[in-house]
Amino acid sequence: MSSMSENKKIDHNYLYVTALREMNTESIQEINSNFYIDVSSLLDKIKTEEYDGIEVKVKTMFINITLDMISLIIETRLDKAIKLNTDENLLDVEQWILDKYRKFDSNTNIIIDAIKNGNNKLIQSISNRFKTKLVTVRFLHDLDEIVGFDLNKYGPFKREDVATIPNKNAQVLIKKKIIEKIYPS
């Protein structure tokens with residue numbers, strides 16, 4: 001499939017028509033596979049261009065309206081995918097979001113079933129795995145050695161170090177603004 005910029009210039013009218021078409025049909029509409037890349041490229045180009053006076057306000061409004069329309073398009077398409085239980089015509093990035101949603105939904109059902117069935121061991125096991133699961137973090141400040149929730153020792157760490165530590169420790173350190181979590185792609 002050729003890129004959107006070759007087929008149709010991305011502008012607010014095009015985004016409006018795409019959003020309207022998506023909202024007024026029951027099925028997920030086919031859109032160009034580069035749709036979000038093309039919109040991102042457009043916004044990147046606009047952000048890097050220099051503007052003066054009133055043009056700055058217009059640029060900001062254009063960016064905000066574009067992002068609102070993109071959010072509406074994504075949400076509408078994902079709502080349909082969930083309702084229809086399909087990923088037909090979803091773009092890769094939308095499928096990535098849908099996969100995260102389905103995992104969330106599945107995990108919720110596992111916990112509800114465990115509670116309903118009195119399966120305390122499963123609930124405790126999941127809780128323990130969550131606390132001790134290693135997550136990747138970047139240190140914003142120096143930190144002496146710590147003992148993880150898994151009882152292993154970690155550190156010491158210097159500012160800008162990247163390391164893996166237990167999730168529960170990471171949550172505490174994030175609240176104290178000592179680290180930030182690095183999310184896998």
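Q: Helices (H or I, at least four residues) and strands (E, at least two) are DSSP runs numbered from the N terminus. What sort of model is this?

A: This is a predicted model, in which local features need pLDDT of at least 70 and side-chain atom pairs count only at pLDDT 80 or more, while totals for chains, interfaces and linings use all residues. Residues are numbered from 1 along each chain as its sequence is written, and side-chain values use heavy atoms, with hydrogens and water left out.

Q: What is the mean pLDDT of the chain?

A: The mean is 91, and 95% of the residues reach 70 or more; pLDDT is the predictor's confidence in each residue, on a scale from 0 to 100.

Q: Where does pLDDT stay under 50?

A: Over residues 1-7. For that stretch the model has 18 contacts beyond four places in sequence, a contact being heavy atoms within 4.5 Å.

Q: On to the helices. At what angle do helix 3 and helix 4 cross?

A: The axes of helix 3 (residues 35-48) and helix 4 (residues 54-84) cross at roughly 165° and come within 11 Å. Axes are lines fitted to C-alpha atoms, for helices over the stretch in contact, and angles run from 0 to 180 degrees between N-to-C directions.

Q: And how are helix 3 and helix 4 oriented to each other?

A: Helix 3 and helix 4 are therefore roughly antiparallel. Angles over 145 degrees count as roughly antiparallel, under 35 as roughly parallel, 65 to 115 as roughly perpendicular and the rest as oblique.

Q: Which residues make the contact?

A: Helix 3 contributes F35, Y36, V39, L42, L43, I46 and K47, and helix 4 contributes K59, F62, I63, T66, L67, I70, I73, I74 and R77. These residues divide into twelve nonpolar, one polar and three charged. Here Ala, Val, Leu, Ile, Met, Phe, Trp, Tyr, Cys and Pro count as nonpolar, Asp, Glu, Lys and Arg as charged, and the others, Gly among them, as polar.

Q: How about helix 2 and helix 4: at what angle do they cross?

A: The axes of helix 2 (residues 12-23) and helix 4 cross at roughly 20° and come within 10 Å. That makes helix 2 roughly parallel to helix 4.

Q: Which residues of helix 2 and helix 4 meet there?

A: H12, L15, Y16, T18, A19, E22 and M23 of helix 2 meet F62, I65, T66, M69, I70, L72, I73, T76, R77 and K80 of helix 4. This contact has ten nonpolar, four polar and three charged residues.

Q: How close do the axes of helix 5 and helix 6 come?

A: Helix 5 (residues 92-116) and helix 6 (residues 120-132) have axes that come within 8 Å and cross at roughly 140°. The two helices are therefore oblique to each other. I110, I111, A114 and I115 of helix 5 make the contact with L122, I123 and I126 of helix 6. Seven of these residues are nonpolar, with no polar and no charged ones.

Q: Changing topic, what is the strand order in the open sheet of three strands?

A: The order is 4-1-5, with antiparallel pairing; two strands pair if DSSP finds at least two bridges between them.

Q: Which strands stand at the edges?

A: Strand 4 (162-166) and strand 5 (179-181) do; each has a single partner strand, so one side of each is left without a neighbour in the sheet. From one strand to the next, the twist averages 45°.

Q: How many bridges join strand 1 to strand 4?

A: Five, in the antiparallel sense, with strand 1 spanning residues 134-139. L134 has P166 of strand 4 as its bridge partner, and R138 has V162 of strand 4.

Q: And strand 1 to strand 5?

A: Three bridges join these antiparallel strands, and F139 is partnered with I179 of strand 5.

Q: What lies across strand 1, strand 4 and strand 5?

A: Helix 7 (residues 167-175), which runs at about 115° to strand 4.

Q: Last topic, the backbone. Which peptide bond is cis?

A: The bond from G155 to P156 is cis, with omega near 5°. P156 lies in the loop between strand 3 (153-154) and strand 4. E160 lies in the loop between strand 3 and strand 4, and E160 has a positive phi of about 80° although it is not a glycine.
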